[in-house]
Amino acid sequence: MKRSLPVALLVLAAAALAVLPKFVESTYVLHMMILIFINVIVGSSWNILGGYTGQYSVGHAAYFGVGAYTTMILMQFKHVAPWWGVWAGTGVAVITALVIGSICFRLRGPYFVLASIAVAEIFRVCALNLKDLTNGAEGILVTDIPPLMIGKTQITDWVSKVPFYYTGLSFMVLIIAVSALVRRSKLGYYFQAIREDQDAAHSLGINPTIYKNTALVISAVFTSLAGSLYGVYVGFIDPSTVLALDLSVQIVMICIIGGIGTISGPVVGAALLVPLSEALRSNAITDALIKAGLVNAESKVGGFLKENLAHAHVLIYGILVVVVILFMPEGVLGFFRKFSALAPRQRGEGGRRPGEGR
Amino acid sequence: MQALISGILIGGVYALIGVGLTIIFGVMRVINFAHGELLMLGMYATYYLFTLAHVDPFLSIVVTMPLMFLFGALLQKTVINRVLNALPQNQILLTIGLGLIMSNTIMLAFTSDYKILSTTYSSSSVTVGGISISLPLVISFAITAAITMALYWFLLKTDTGQAIRATAQDREAARLMGINVKWMSILAFGLGSALAATAGALISPTYYIFPQVGSVFTLKAFVITVLGGMGSVIGATLGGVLIGVAESVGGVYFGAGWKEVVVFVLFLLVLLFKPSGLLGKSRT
């Protein structure tokens, strides 16, 4: 009973998301949802490595970028349709992950973090300099996406946002399912054993190198899927968007803010961060403040907000991260869970709630 | 040869950045990911002192150094102190967050335009034995050498300096010896940020100044400290010069675009084969 309830809720949520485009026509809402999907995918896949296995990679932009670049290069220069290119992208990401893993997993703790950053930066500089392959700093712009055909019937021409919406949704459902499966399986317990104490896990016969690499490969595959989807959806990639250190940091933040090591953490994190940064970017918050009569549009403060709040979303990210780490180290979810546990309503003794990370 | 000399000169400034980071790490075991941003604050302070008050960039360190010392000390006391016993990963993310706050506050205040600080001698150079060297680079190297010397004297000869080194060696033992460890941490972070800001001031006549400039230097600072051995001041000095030379010579041989790759590959190699650094003790 306890376990079937959240599953039922999840199915319901997925069904609601599946029919959403039938009722919502606003492209803006769809755009926002697609961005949330992409962020949930990268967050959840980082979570398998960072949350379950405890390897804080701050270089996940490497896999995102490798996926995006493979798909885009194949599509733009070799005329391979993206739905084939995406899988080529995951293949390249797996190879990348194995190479990076074999180097970085010899290191632990802060040294691993530093190595992962260094590797991602090497990828960025390479993408900048290998101009024949990647167009360098100019980036790759998609001119047109071939329509998806099965036999003679055209499934979609990729003109509207709806097909991207469904692609994103299905990838997201897939990664959440994989997360849940991994968590419940033997593999997941191996991962968590390595996170809690690598040496103890090793002495119990768990080969840390193999399982850390397994976690990284799973993580890299989905991160590259998200990267490919992002590239094809936005239609433009360059090293400073898909291979940037900022992106790696943002991926980690999604999990930190939502709650590390939980299935719902990245979902909550993405659902909080994406609308927030979009609202700031589009000046929706300033407009709301003005409408509410809190700030006068003509006054100096109003002008300042209007001018600058659009650029402030990274600043807000920074403040959020500091606040979350200082005051709610288990993420927003963990914070509210603790909050509700403090309420006088006493729970049963062995009530270790499902989804509790550590 | 030209590349070698200018590499050594810029390496002196890198050493300053690395030493700051290594002191912070040594005393508190916190890896400061906001180090480059502290340097960036130093650059901006220098820039505005120069444009608004016409203070020479090399003289302005008299102002920026104590200012950033106080800023760093305050940061340590109010924020970083709270996570001293947290997971290292959380410490890293906290300092990343702090760095984001700094760079974006500066961006909001002064826009993200590239600024250039041009003094009368910015583009002048001196020629020694047929090799021409940029004059600002020579001056900054001289100042760096003086500061490094003063720092060594402070750490080796004064009581406070010895207390800092004792805290770095063993926090608990230092506490038992009656050293105020909390105060040492504040001092160390202040010192680290002052050194970073000084480095920022020294390179401001030769670099573009923009809010995101910090992240480049944060990464470089890690490479330097890991290369020299985390927590080793002499190692960081050496590492700085080494990275300066590697970058400069690498830039000549592989082209300017690839010089960063040279540095990072060097970094990975050190991490893999001698993770304790060139002069570091074994990791704990």
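**Figure 1. Packing of helices H1 and H8 in chain B.** Helix H1 (residues 2-28) of chain B packs against H8(B) at an angle of about 165°, and the two axes lie 8 Å apart. The structure shown here and in the following figures is a predicted model. Angles over 145 degrees count as roughly antiparallel, and H1(B) and H8(B) are therefore roughly antiparallel to each other. The crossing that H1(B) makes with H8(B) is left-handed. Sorted by class, the residues in the contact of H1(B) with H8(B) comprise 18 nonpolar and five polar residues, with no charged residues.

**Figure 2. Packing of helices H5 and H8 in chain B.** Helix H5 (residues 135-157) of chain B and helix H8 (residues 181-203) of chain B have axes that come within 10 Å and cross at roughly 160°. H5(B) and H8(B) are therefore roughly antiparallel to each other. In this pair, H5(B) passes H8(B) in a right-handed crossing. On the H5(B) side, the residues in contact are B:Ser140, B:Ile143, B:Thr144 and B:Ile147, which meet B:Thr198, B:Leu202 and B:Ile203 in H8(B). The contact of H5(B) with H8(B) contains four nonpolar and three polar residues and no charged residues.

**Figure 3. The largest nonpolar core and the surroundings of B:Ala197.** The largest nonpolar core is made up of 188 residues. The residues with the most contacts inside this core are A:Ile41, B:Ile17, B:Ala188 and B:Ala197. When neighbours within four places in sequence are left aside, B:Ala197 is in contact with B:Leu38, B:Leu39, B:Leu41, B:Gly42, B:Ala45, B:Thr64, B:Met65 and B:Met68.

**Figure 4. The side of chain B that touches chain A.** The contact between the chains takes 34 residues from chain B and 35 residues from chain A. On the chain B side, helix H4 (88-110), helix H9 (213-228) and helix H11 (259-273) each supply at least two residues. H4(B) gives the most to this side, with 15 residues. By class, the residues of chain B that touch chain A divide into 25 nonpolar, seven polar and two charged.

**Figure 5. B:Tyr44 in helix H2 of chain B.** B:Tyr44 lies in helix H2 of chain B. This residue counts as buried, with 23 C-beta neighbours inside 10 Å, where the cut-off for a buried residue is 20 or more. B:Tyr44 and B:Ile106 are 62 residues apart in sequence, yet their C-alpha atoms are 8.5 Å apart in space. Neighbours within four places in sequence aside, the contacts of B:Tyr44 are with B:Ile106, B:Phe110 and B:Ile209.

**Figure 6. Residues of chain B with positive phi.** B:Arg29 has a positive phi of about 60°, although B:Arg29 is not a glycine. B:Arg29 is located in the loop between H1 and helix H2 (35-53) of chain B. With 17 other C-beta atoms within 10 Å, B:Arg29 is partly exposed. B:His54, also a residue other than glycine, has a positive phi near 55°. B:His54 is found in the loop between H2 and helix H3 (61-78) of chain B. B:His54 is exposed, with 7 other C-beta atoms within 10 Å.

Figure 7. Chain A has 17 helices and four strands. Of the 358 residues in chain A, 44% are buried. Among contacts in chain A with a separation of 6 or more, 75% are between residues 24 or more positions apart. A:Ala93 lies in helix H4 (residues 82-104) of chain A. A:Ala93 is buried, with 27 other C-beta atoms within 10 Å. Apart from neighbours within four places in sequence, A:Ala93 is in contact with A:Tyr63, A:Val66, A:Gly67, A:Ala220, A:Val221, A:Thr223 and A:Ser224. The C-alpha atoms of A:Ala93 and A:Val7, which are 86 residues apart along the chain, are separated by 31 Å.

How values were computed: Residues are numbered from 1 along each chain as its sequence is written. Chains are lettered from A and ligands numbered from 1 in the order in which they are written. This is a predicted model: local features need pLDDT of at least 70, side-chain atom pairs count only at pLDDT 80 or more; totals for chains, interfaces and linings use all residues. A nonpolar core is a set of buried Ala, Val, Leu, Ile, Met, Phe, Trp, Tyr and Cys residues joined through C-beta atoms within 7 Å. A residue is buried if 20 or more other C-beta atoms lie within 10 Å of its own, exposed if 12 or fewer, and partly exposed in between; C-beta atoms are placed from the backbone. Two residues are in contact if their C-beta atoms, placed from the backbone, lie within 7 Å. Axes are lines fitted to C-alpha atoms, for helices over the stretch in contact, and angles run from 0 to 180 degrees between N-to-C directions. Angles under 35 degrees count as roughly parallel, over 145 as roughly antiparallel, 65 to 115 as roughly perpendicular and the rest as oblique. A crossing is left-handed if the near helix is turned anticlockwise from the far one by less than a right angle, and right-handed if clockwise. Ala, Val, Leu, Ile, Met, Phe, Trp, Tyr, Cys and Pro count as nonpolar, Asp, Glu, Lys and Arg as charged, and the others, Gly among them, as polar.
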